[in-house]
Amino acid sequence: MDSVPNQAAAKVIGDFAKLLAAEPDEAARSALLRRARVTAMNQASEESFDGPSPLAFDLDSEPPHPRYVVVGRLERGQLGMLSADTGAAKSIVSQHLAVQAVAGLDWLGHETRAERVLYIDEENPRGTVERRLKALGLQADELSARLAYYSRKGLAIGDGAATDEWLEDRCRAFQPDLVIIDTLMAATAVSETNDNGQAVKLMKHLRGLAERFDAGVLVLHHERKKSKDYPNSSGQAMMGARQWAGQADVQMTLTTLSELEVTDYGAQLPEDAHAADLLADGRVCRTASRGLRRTFRWLPAEKDREGEPNYPELIVVTSEKDVENSLLWMLVENEGRITSADPTELELLTISIGTFVQAQEGEIKTADVAKGVARNPGDSSFKRALKDAVAADYIKKGAKQGRYAAGRVQVLDV
């Protein structure tokens with residue numbers, strides 16, 4: 001069966017040998033030989049290589065527009081990371097994204113285009129999830145039909161076995177536009193976060209999932225504990241190997257700025273439609289309720305492959321609980337960019353220190369102050385802000401060295 005191709009090849013070789021022998025110039029013969037080798041190599045490559053093909057670009061046409069699931073933040077087929085320290089509201093902000101997306105509403109000022117959201121949560125227990133989703137405004141007809149939420153099911157993405165098979169089947173059946181994984185450590189099969197090899201392998205696996213199902217994938221990840229060995233830059237604070245950030249298409253970060261608990265909150269309810277509705281329905285207990293307003297520094301484009309500037313913005317989470325500490329309602333809002341006219345990071349830290357110390361009874365140790373504002377007591381920025389808080393009379397030095405108490409000037413939350 002191979003006789004005809006072999007005969008053709010023999011004829012080509014014979015003809016080339018005659019051509020080479022007839023060429024008297026040595027340089028020309030060398031050029032003919034080089035061309036023959038290149039032709040043979042290309043031919044062999046085309047016949048034997050059955051792998052990815054290079055991209056074909058139509059440079060005469062306009063490039064396609066981004067196909068966003070969250071406009072300006074995350075595209076279909078992309079892998080995003082949201083990193084924050086423990087207690088910095090990354091789950092709340094992501095749950096808010098899920099609720100807003102299935103309702104067709106904006107998220108932190110960005111239009112959402114994700115009709116169906118698959119949320120894999122190995123961090124939060126069912127009771128917490130249910131209370132939060134209801135407080136954030138999830139409607140009954142959106143659950144299951146547009147939001148598939150899995151809480152503490154023992155999933156380990158990237159295990160190459162049961163979880164991966166389940167996730168493929170679930171994505172095929174549900175066809176999510178957005179997949180949220182909370183968190184990398186809790187919901188994946190990664191055994192060593194400092195291993196760049198494991199990081200690359202899992203991130204490629206997740207990106208492949210995003211591409212196969214034409215969805216955006218957002219992974220939540222913890223930041224490492226602050227210490228002198230690690231920089232304070234939020235872009236480098238992500239726990240473990242640098243390839244968690246390196247392999248992501250998009251990275252966003254949240255940092256706690258201040259925390260303020262207000263007693264008798266009923267007299268200071270936010271003047272918005274949601275709060276007014278709750279009051280009208282009698283679901284807010286004015287006399288024995290507790291409100292919580294927490295502010296965060298959000299960097300929405302810590303890593304952006306389009307090179308978008310990464311301006312910090314203020315994110316505020318406001319909620320109310322009843323006398324039994326049951327969550328009544330919750331708002332997650334973007335209060336806008338922190339510009340040069342707004343407080344600097346040092347000023348915000350100074351305010352945070354004042355807010356924390358004023359909320360305590362009696363004197364408090366320096367180490368406890370640092371812990372309360374999520375800083376290392378040895379950080380130069382913390383030491384400077386501590387001095388500024390004393391100078392502003394937000395706090396005062398205690399009777400014992402290294403202790404502080406509330407000052408005379410009341411701090412107003414930013």
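Predicted model: local features only at pLDDT ≥ 70, side-chain atom pairs only at ≥ 80, totals over all residues.
Are Y119 and Y149 buried or exposed? Both Y119 and Y149 are buried.

Start with the aromatic rings. A pair of such rings is described by the distance between the centres and the angle between the planes. Three aromatic pairs are counted here. In one of them, the ring centres of W107 and W298 are 5.6 Å apart and the planes stand at 75°. An angle over 60 degrees counts as edge-to-face, so the W107 and W298 pair is edge-to-face. This pair links distant parts of the chain, since its members are 191 residues apart. W107 sits in the loop between α3 (90-102) and β4 (117-121). W298 belongs to strand β9, residues 290-304. W107 has 1% relative accessibility, so W107 counts as buried. W298 has 0% relative accessibility and counts as buried too.

Now return to the tyrosines. Y119 and Y149 form a stacked aromatic pair. Their rings are 4.4 Å apart, centre to centre, with 10° between the planes. Y119 lies in strand β4, and Y149 lies in strand β5 (residues 147-151). The pair therefore ties together parts that are 30 residues apart in sequence.

L108 lies in the loop between α3 and β4. Its relative accessibility is 6%, so L108 counts as buried. Its backbone deserves a look. Most residues other than glycine have a negative phi, and most peptide bonds are trans. L108 is not a glycine, yet it has a positive phi of about 50°. D214 is another non-glycine residue with a positive phi, near 50°. D214 is found in the loop between α7 (196-212) and β7 (216-222). With a relative accessible area of 30%, D214 is partly exposed. There is also a cis peptide bond, running from D182 to T183, with omega near 0°. T183 is in the loop between β6 (178-182) and α6 (184-187).

D214 leads on to G77. Which residues does G77 touch, leaving out those up to four places away in sequence? They are R207, A210, E211, D214, A215, G216 and D249. G77 itself lies in the loop between β2 and β3 (79-84). At 18% relative accessibility, it falls under the 20% cut-off, and so G77 counts as buried. The C-alpha atoms of G77 and G208 are separated by 8.0 Å. Along the chain, G77 and G208 are 131 residues apart.

Strand β2 spans residues 74-75, and E75 lies in it. E75 is buried yet has no salt bridge. How far away is the nearest side chain of opposite charge? That side chain is R67, at 6.8 Å. A salt bridge needs the charged atoms within 4 Å. E75 does touch R67, along with P66, Y68, V69, A215, G216 and E306, not counting residues up to four places away in sequence.

Last comes the empty space. Rolling a probe the size of a water molecule over the atoms shows where such space is left. A search of the whole structure finds two cavities of 30 Å³ or more. The largest cavity holds about 50 Å³ of space. Its lining is made up of T256, L257, E345, L348, L349, S352, V373 and R375. Two elements, β8 (250-263) and α10 (345-358), each supply at least two residues of this lining. The largest share comes from α10, with four residues.

Pockets are open, unlike cavities. The second largest pocket has a volume of about 470 Å³. How many residues line the second largest pocket? There are 17 of them, and R126, V129, E130, L133 and L143 lie nearest its centre. The elements that give two or more residues to this lining are α4 (126-135) and β5. Of the elements, α4 gives the most, with six residues. Strand β5 is also where Y149 lies, one member of the stacked pair with Y119.

Technical notes:
Residues numbered from 1 in each chain as written. Heavy atoms only, no water. Buried < 20%, exposed > 50% of the residue type's maximum accessible area, 1.4 Å probe, protein only. Lys, Arg positive; Asp, Glu negative; His and termini not counted. Contact = heavy atoms within 4.5 Å. Phe/Tyr/Trp six-rings, centres within 6.5 Å; stacked < 30°, edge-to-face > 60°. 1 Å grid on protein atoms, 1.4 Å probe; cavity = no way out; pocket = protein on both sides within 12 Å on 5 of 7 lines; lining within 4 Å. Points joined across faces, edges and corners; volume = space filled by probe spheres on them.
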